[in-house]
Amino acid sequence: MGDTLEFNDIYQEFKGSWNDGRLRFGKQNVVYKSSKTGKVDSIPAGELNLAQWRRVCLGHGIKLATNSGHVHKYDGFRDTDFEKISEFFKANYKVELTEKDMCVKGWNWGTAKFSGPLLSFEVNDSTAFEVPLSNVSQCATGKNEVTLEFHQNDDTDVSLMEVRFYVPPAQADERQDPVEAFADNVLSKADVIQATGDAVCIFKELQCLTPRGRYDIRIYPTFLHLHGKTFDYKIPYTTVLRLFLLPHKDQRQMFFVISLDPPIKQGQTRYHFLILLFSKEEDLSLTLNMSEEDVERRFEGKLSKNMSGSLYEMVSRVMKALVNRKITVPGNFQGHSGVQCITCSYKASSGLLYPLERGFIYVHKPPVHLRFEEISSVNFARGTTTTRSFDFEIETKQGNQFTFSSIEREEYGKLFDFVNAKKLNIKNRGFKEGMKGKIDEYSDSDEDQHDAYLERMKAEGKIREEGNESEESDGESGEYDSNASASDSSEDGDDSDNDGSKKKVKKPKVVKEKKERKPRKEVREPCGQRKQGPKRPMSAYMLWLNASRERIKSENPGISITEISKKAGEMWRQLGKDDKEEWDTKAAEAKRQYDKAKKEYKDSVATTSSSKKESKKSGGKKDEKKRKSAGGDKEKERGGGNDSFKSREFIETSEDSSSDTDPGLQQNPLSDSSSVRFSPFTTTFRHRSL
């Protein structure tokens with residue numbers, strides 16, 4: 001056997017993750033080099049006091065323990081490596097490599113044993129899992145429960161956040177509470193911030209919005225301790241990024257916001273901001289738990305041993321001095337009502353948006369802080385539910401979008417001036433400047449802020465108006481035809497009847513009533529048979545949308561119809577004047593073609609109505625002939641064999657034709673009553689029709 005043993009592709013456990021590397025067993029030490037970081041760990045051979053061979057997730061592994069209490073775990077060995085490693089350990093390290101079986105039953109009830117820096121959970125004297133206490137960041141106790149929280153490894157996709165142990169209640173003969181004993185064993189080896197020494201000062205029962213509740217805040221020289229009824233948080237001052245002091249909209253309360261990185265954790269929830277709410281009327285007299293010399297030497301005049309004032313001023317002064325960070329307050333912005341914030345909604349909650357000198361901050365659920373340097377563009381959008389409000393959209397350079405909705409339209413002018421003064425990129429600047437100072441025009445549509453649905457409704461309304469106009473024109477032609485037929489019938493009465501005023505009046509009335517109904521039936525044709533006029537031309541935007549719809553679908557697979565309209569509106573607003581000029585030209589050409597077609601359509605409608613008029617005239621005369629013939633038959637039937645009865649036609653014929661007929665007909669007028677009675681009338685009818 002050689003002086004060394006080397007193994008490649010061996011994994012070392014670090015905060016819940018496995019890092020691959022190379023392991024070498026030498027006579028003097030054990031050396032492991034990480035392939036990821038290049039870090040080299042060396043364990044002197046004389047320090048080894050325990051070596052175990054175990055079956056683990058990646059095959060077989062070795063657990064090494066040193067005299068100083070450190071534990072090292074290596075994984076990735078093959079089953080055949082056990083013999084040569086065991087012999088090497090006996091020959092060089094004087095340590096026996098023992099086999100240790102792990103419990104794989106899956107039970108969650110067992111015994112917790114503390115051995116050095118490890119917490120071992122055993123079931124039937126077999127280890128189920130081990131917890132390195134150095135990975136514990138927080139230890140909280142309950143009635144019969146102990147909760148362990150762990151430091152997070154940012155290099156892993158999945159991390160263990162916490163483990164909770166149920167501890168049975170104490171027996172009568174036990175002097176110490178088992179829950180406290182368990183927590184003391186954990187804290188003795190855990191990497192937990194310990195509250196050693198006295199606090200500089202303590203603030204009692206402060207109202208906290210995130211995390212929600214009332215907490216006692218203990219100020220220590222190096223960290224901040226939040227003590228609540230359920231949870232405790234220890235916040236090192238090195239994790240504090242920014243401090244904000246913001247006035248509430250009601251002018252009676254103040255927000256004090258602490259930005260944290262990394263955030264504090266409560267289960268799966270992470271809090272990047274600590275928000276405290278104070279009343280302006282609440283005062284406090286504070287005495288620091290330090291001598292005057294220590295206060296002067298430590299804070300250099302920023303704080304004094306005895307201070308008094310508003311509660312929010314005391315908290316902000318102490319935090320500023322200990323964290324050594326400036327406090328950010330709102331700048332010169334003032335809203336419509338004179339306050340330094342804007343009421344709006346973010347996601348499902350209502351809150352306040354504060355325009356600052358170098359960014360925006362929204363409080364409080366969830367808090368959002370956006371710096372100007374990370375903002376790509378802003379956008380003013382019409383409210384989705386009402387025209388009395390608008391939305392303010394912020395898009396970051398990382399592609400994230402934040403929409404603050406339900407902002408009163410009276411706030412628009414102030415907010416736009418602020419954004420414009422900060423030289424932020426405004427997407428729809430043309431729309432905003434047209435809207436500025438003209439709140440009543442906010443609900444109108446224009447070209448830069450295109451509303452596809454509104455355009456469609458306008459187009460349908462124009463089509464309906466055009467249809468109503470065409471119906472009115474048809475009705476006018478029908479009235480003209482009816483008048484013409486009436487006048488025509490009156491002429492018939494003048495030619496055919498020169499005596500008897502009563503007969504003159506009756507005849508036009510009967511014909512007029514019947515002829516007024518028939519033209520209406522002929523004019524009011526079904527919609528499917530009516531000749532349709534030309535369609536209105538499309539606008540420049542609609543022409544561009546029809547040409548670009550397929551391209552938008554291909555660039556955004558699976559996009560819905562409504563999203564296509566929204567995306568098209570955004571793209572149209574971003575087009576330059578040169579690009580829009582092409583579609584404006586096409587729209588103008590389509591408008592000219594439409595005007596020409598509409599003129600031709602009106603001419604054709606006029607020609608059709610005049611032809612209908614002529615046909616109605618001739619048809620009316622034929623109907624009159626039929627009615628007269630039918631009336632003559634009835635007169636003949638009523639007369640029967642009565643030679644003394646004379647019809648109107650007979651009288652008219654005898655008088656008009658007295659000069660043309662021979663004397664025999666005049667002396668014996670009833671010798672051939674049928675031919676003599678209707679032949680002159682028929683001749684007169686044909687003459688008039690010709």
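**Exercise 1. How many bridges join S20 to strand S21, and in which sense do they run?**

Before you start: this is a predicted model, where local features need pLDDT of at least 70, side-chain atom pairs count only at pLDDT 80 or more, and totals for chains, interfaces and linings use all residues. Residues are numbered from 1 along each chain as its sequence is written, and side-chain values use heavy atoms, with hydrogens and water left out.

*Solution.* 
- Step 1: Strands (E, at least two residues) and helices (H or I, at least four) are DSSP runs numbered from the N terminus; two strands pair if DSSP finds at least two bridges between them.
- Step 2: go to S21, residues 269-279; 10 bridges tie it to S20, and the two run antiparallel.
- Step 3: S19 (residues 240-247) pairs with S20 (residues 253-266) over 7 bridges, in the antiparallel sense, and Pro247 faces Met254 in S20.
- Step 4: inspect the turn. The hairpin of S19 and S20 has 5 residues between the strands, and there Gln251 adopts a positive phi near 65 degrees.

**Exercise 2. Find Asn135 and decide: buried or exposed?**

*Solution.* 
- Step 1: look in the loop between strand S11 (126-132) and strand S12 (136-141).
- Step 2: apply the cut-offs: buried is under 20% relative accessible area, exposed over 50%, partly exposed in between (1.4 Å probe, protein chains only).
- Step 3: Asn135 has 14% relative accessibility, so it counts as buried.
- Step 4: list its contacts (heavy atoms within 4.5 Å). Leaving out residues up to four places away in sequence, Asn135 touches Lys15, Glu149, Phe150 and His151.

**Exercise 3. Work out which stretches call for caution.**

*Solution.* 
- Step 1: recall that pLDDT is the predictor's confidence in each residue, from 0 to 100.
- Step 2: take the chain as a whole: its mean pLDDT is 76, with 72% of residues at 70 or more.
- Step 3: compare elements. Helix H14 (residues 673-689) has the lowest mean pLDDT, 38, while strand S27 (residues 359-363) has the highest, 95.
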